[in-house]
Amino acid sequence: MSASAPVLSRLMLLEMIQAGRFGVEYQPIVNLSGNEVIGYEALSRFYTHLGESLRPDLVYASLHENPITLFQVEYAQKELQLAERPSGQLFVNLDQDAFFAVGAEAHNNPFIELIRCQDNVVVELIENSEINDAIMSLSMIEAFDALGIETALDDLCHPHSMISVSVLQLVKWVKLDRCVLRMVKNPVFMAFVRQMIGFARATNKKIVLEGIETEADLEVARQLEVDYVQGFLYRPQFINKLP
């Protein structure tokens, strides 16, 4: 994590954790051809004592200062996301640092034990710019793959991401970052996006375009011929724990 990344005050973070003010937003993933919801992505949500939302990226940036606390919060989030899940396939994000925070081998990790008891779960790993994270992602994917649990590569084509060929080969799902919609008029960038889609198609991976908010975004998805779409155009479901 960058040393300059903004973080929450320790007092606010501690109060939120002790009170367990966690929530989950289940964002629909929709079949582009039939407009049917085939599953949901579980997104972590956090709240102050006043019920105000805390930015998840700031919460996780702050938690990365203490790996054990990061593990505890991420594990509690996954328990909530799995317990309250809607029907259908469930996509859950899993932080690499949280996964390895307890020092267990990948195949014997508490997250493995938690997720392996569930049906129709896809574990999402974030594409990023750190080689060590890519190595950890590969180890995680191999552990889930050995158990027949599908994995997805999130945020593909994000400007700050790094592509790991080994990771990309193993995942069953590819999720294109919302920046694809912002860069649609950039011919060089879109040539790269189409190549990634072509690779995914040739290797029988399922393709999701994130960030869909308008009918114009849907038209881009149709032109790219992705399989599924996701975004605020579709109404999410919320589960909030506000003691």
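Val73 is found in helix 3 (residues 67–83); helices (H or I, at least four residues) and strands (E, at least two) are DSSP runs, numbered from the N terminus. The model is a predicted one, in which local features need pLDDT of at least 70, side-chain atom pairs count only at pLDDT 80 or more, and totals for chains, interfaces and linings use all residues. Residues are numbered from 1 along each chain as its sequence is written, and side-chain values use heavy atoms, with hydrogens and water left out.

Is Val73 buried or exposed? Its relative accessibility is 1%, so Val73 counts as buried; the term buried means under 20% relative accessible area, exposed means over 50%, and partly exposed lies in between (1.4 Å probe, protein chains only). Apart from neighbours within four places in sequence, Val73 is in contact with Ile17, Phe22, Phe46 and Leu63, where contact means heavy atoms within 4.5 Å. Pro187, by comparison, is 114 residues from Val73 in sequence and 41 Å from it in space, C-alpha to C-alpha.

The next topic is the aromatic rings. A pair of such rings is described by the distance of the centres and the angle of the planes. The whole structure contains 10 aromatic pairs. Rings of Phe, Tyr and Trp (its six-membered ring) pair if their centres lie within 6.5 Å; planes under 30 degrees apart count as stacked, over 60 as edge-to-face and the rest as tilted. One of the pairs joins Phe91 and Trp173 edge-to-face, at 4.8 Å centre to centre and with 90 degrees between the planes. Because Phe91 belongs to strand 4 (residues 89–93) and Trp173 to strand 7 (residues 173–176), this pair ties together parts that are 82 residues apart in sequence. Both Phe91 and Trp173 are buried.

A tilted pair is formed by Phe99 and Phe144, with 6.1 Å between the centres and 50 degrees between the planes. Phe99 lies in helix 4 (residues 96–99) and Phe144 in helix 6 (residues 131–146), so parts 45 residues apart in sequence are tied together. Phe99 and Phe144 are both buried. They also belong to a cluster in which ring pairs link Phe71, Tyr75, Phe99, Phe100, Phe111 and Phe144.

Charged side chains come next. Side chains of opposite charge can pair when their charged atoms come close. How many salt bridges does the structure hold? There are 12 salt bridges, each being a side-chain nitrogen of Lys or Arg within 4 Å of a carboxyl oxygen of Asp or Glu. Lys172 and Asp145 form one of them, at 3.3 Å from N to O. Since Lys172 is in the loop between helix 7 (165–170) and strand 7, and Asp145 is in helix 6, the pair ties together parts that are 27 residues apart in sequence. Lys172 is partly exposed at 36% relative accessibility, and Asp145 is partly exposed at 34%.

Another salt bridge connects Glu210 and Lys175 (3.4 Å, N to O), and both residues are buried. A network of salt bridges links Glu41, Glu124, Lys175 and Glu210.

The cysteines complete the account. The structure holds 0 disulfides, a disulfide being a pair of cysteine sulfur atoms within 2.5 Å. For Cys179, the nearest cysteine sulfur is that of Cys157, 6.5 Å away. Cys179 is buried at 0% relative accessibility, whereas Cys117 is exposed with a relative accessible area of 64%.
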